[in-house]
Amino acid sequence: MKILHILEATQGGTRRHVLDLLPALVARGVACDLVYSPERYAPFRRDAAWLEERGVRCFEIGMARGWGGRRDADALLALRAHLKKHRYNAIHCHSTKAGFIGRLAAPLAMPVVYTPHCIAFDTSLPRVQRRAARVVEKLLAPRTRRFIAVSRHEARVILRAGLCGPNRVSVIYNGVDLPAFEALQAPSSSLISCPEGARPSSLVIGCFGRLTRQKNQAALLCALPALRRVVPGARLFLVGSGEDETALGALAEKLGISDGVTFAGEIEEARPLYAACDIVAQPSRWEGCPYSILEAMAARRAVVASAVGGVPEVVSADAGIAYHPTRPGILSDHLIALACDESWRQKLADAARHRLEERFEAARMVAATAQIYELL
C-alpha cells in the first residue's frame, strides 16, 4: 500500500502530527510519500530530510496560505503532474489548503482521506471567510472518501454541515509519541532564561503556539497583572511567532508587565520546554485537538485551556481546567488558584499524564489511521 500525504500547514500541531504519523506508518509497512510546501515555514526542509532518513520520500510544491488565486492554480498543475508520474493507492490531505488542492488534483477514481485538523468554517474567522470555506467544503465533500476528525466535536461539525454521512467520518484523536517526547525532556528550569533585569520567577506560565488571534495570547497578557499581585514573580513564557507579535509586545508594555513576559520566538524543537513550566495555558478562540495541551499532559504539567473545539474531550475535570470564558477575569482566577495550591497542580498533572497514556498515545493514532487505509 502506498499513500501520498499532502501538507501546506508546516507549523504547529499539523507539522507535529505528520512528523509522528508518517515514520510510524512506514514502520508498519505502509509506504508514504509527502508533498509539502516550504513557504509558510522554510525550516520544514530539515524535517523533510529527517523524514527521508526514515523512509518517507518528500517532494516540494509551493502552496499559498489562504486563497492563492494563480498560485493555487500553479500548485494544482504541479500536483497533477506529480500524480501522473507516481502511483498511489490513496491520497491523505492534511489541513484546509492541502485539502483544497489535493482533492481537486486527485483522479476521480482515487480514494482521498481528508483530515481538516480544524474546520475553517467552525472558527472565529470573519464571516465572509467562513461562508466561503463552507461552500468550498460542500463542493469538495463528494471527492472525499473518508474524513478523519481529530475530535468528536469536529465530527459533529462535519455531519451537521452535511459534508458526509456517519459512515464516512472517523474520529482519531491526535497522539503523543511518548518515548520520543520523554527522550527530549529536561527537568532544569534553566531552559527558560529571565530577561535582563527581570526578577527570578517563582512561577512560569507557558503558552505554546503561533502568535495569532486564534491562540489568543492577549488573554494571558491581560490575566498576568492580577496573577502577579498574588505571585509577584510570576512570568509568562510565549513560544511561537506570528502576525500578532508586535501587537502583543505593545500590549505587554501598556499593561506594565514587559519584565514578566518572554517572547521566545519560533523554536524548532520546543518539546523540552514544557518541563520548565509550572502551568501550561491555552486560551484559544478555536481548536481541533491541540498538541500543546497533549504535550503538556505528557510532561505532567497542569493545564488551563478554553473549552473550545475538542479541548473538553482532552482535558477532563480531574486532569486540568477547561474553562468557558463567560466573564472577564476567569482566566486569571484559575491561574491564581493553581499558583496558590502546588499540591492541586501536581494532582491535576499526574491525572493528566495518566489520561494521556490511556487515550492519546501516538500508537493509537497510527493504528487507527492505518486501519482507515485498509478499509479503503
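Guide: Welcome! Let us start with a term: a residue is buried under 20% relative accessible area, exposed over 50%, and partly exposed in between. Ala-49, with a relative accessible area of 38%, is therefore partly exposed. Its place is in helix H2, residues 44-53. Please keep in mind that this is a predicted model.

Visitor: Thanks! How far apart are Ala-49 and Leu-248 in space?

Guide: From C-alpha to C-alpha they are 34 Å apart, and 199 residues separate them in sequence.

Visitor: Let us move on to helices. How do I read which way the residues of a helix point?

Guide: The general idea is that an α-helix has 3.6 residues a turn, so residues three or four places apart point the same way. Helix H3 is our case: it runs over residues 70-85, 16 residues in total. From first C-alpha to last, H3 reaches 23 Å, close to the 22 Å expected at 1.5 Å a residue.

Visitor: Which residues of H3 are buried?

Guide: Asp-72, Ala-75, Leu-76, Leu-79, His-82 and Leu-83 are the buried ones in H3. They lie on the same side of H3 because they cover an arc of only 125° around the axis. Arg-70, Leu-77, Lys-84 and Lys-85, on the other side of H3, are exposed.

Visitor: What do the buried residues of H3 pack against?

Guide: Their partners are the strands S1 (2-7), S2 (31-36), S3 (57-60) and S4 (90-94), together with helix H4 (96-105).

Visitor: And how many residues of H10 are buried?

Guide: Eight of its eight residues, so H10 is mostly covered. Among them are Tyr-291, Ile-293, Glu-295 and Met-297.

Visitor: Do Ser-95 and Asn-216 count as buried, or as exposed?

Guide: Both count as buried, Ser-95 at 15% relative accessibility and Asn-216 at 14%.

Visitor: Now salt bridges. How many does the model have?

Guide: The count comes to 18 salt bridges; the cut-off is a side-chain nitrogen of Lys or Arg within 4 Å of a carboxyl oxygen of Asp or Glu. Take Arg-16 and Asp-20, whose side chains meet at 3.2 Å, N to O. Because they are four residues apart in helix H1 (residues 12-27), about one helical turn separates them. Arg-16 and Asp-20 are both buried.

Visitor: Which residue forms a salt bridge with Glu-39?

Guide: Arg-71 does, and the closest N and O atoms are 1.9 Å apart. This pair links distant parts of the chain, with Glu-39 in the loop between S2 and H2 and Arg-71 in helix H3, 32 residues apart. Glu-39 is partly exposed, with a relative accessible area of 44%, and Arg-71 is partly exposed at 39%.

Visitor: How does the pair of Arg-327 and Asp-333 look?

Guide: Their side chains form a salt bridge at 2.8 Å, N to O. Arg-327 is partly exposed at 43% relative accessibility, as is Asp-333 at 36%. Elsewhere, salt bridges that share partners join Glu-182, Arg-353 and Glu-357 into one network.

Visitor: Which backbone oxygens does the side chain of Arg-301 reach?

Guide: One is the backbone oxygen of Ala-275, at 2.6 Å. Another is that of Cys-277, 2.5 Å from a polar atom of the Arg-301 side chain. Leaving aside neighbours within four places in sequence, the contacts of Arg-301 also include Tyr-274, Val-280, Ala-296 and Ala-349.

Note on methods:
Residues are numbered from 1 along each chain as its sequence is written. This is a predicted model: local features need pLDDT of at least 70, side-chain atom pairs count only at pLDDT 80 or more; totals for chains, interfaces and linings use all residues. Side-chain values use heavy atoms; hydrogens and water are left out. A polar contact is a pair of N or O atoms within 3.5 Å; within protein, one must be able to donate a hydrogen and the other to accept it, and residues adjacent in sequence count only if both atoms are side-chain atoms. Contact means heavy atoms within 4.5 Å. Helices (H or I, at least four residues) and strands (E, at least two) are DSSP runs, numbered from the N terminus. The expected span of a helix is 1.5 Å times one less than its number of residues. Buried means under 20% relative accessible area, exposed over 50%, partly exposed in between (1.4 Å probe, protein chains only). The arc is that of the directions from the helix axis to the C-beta atoms.
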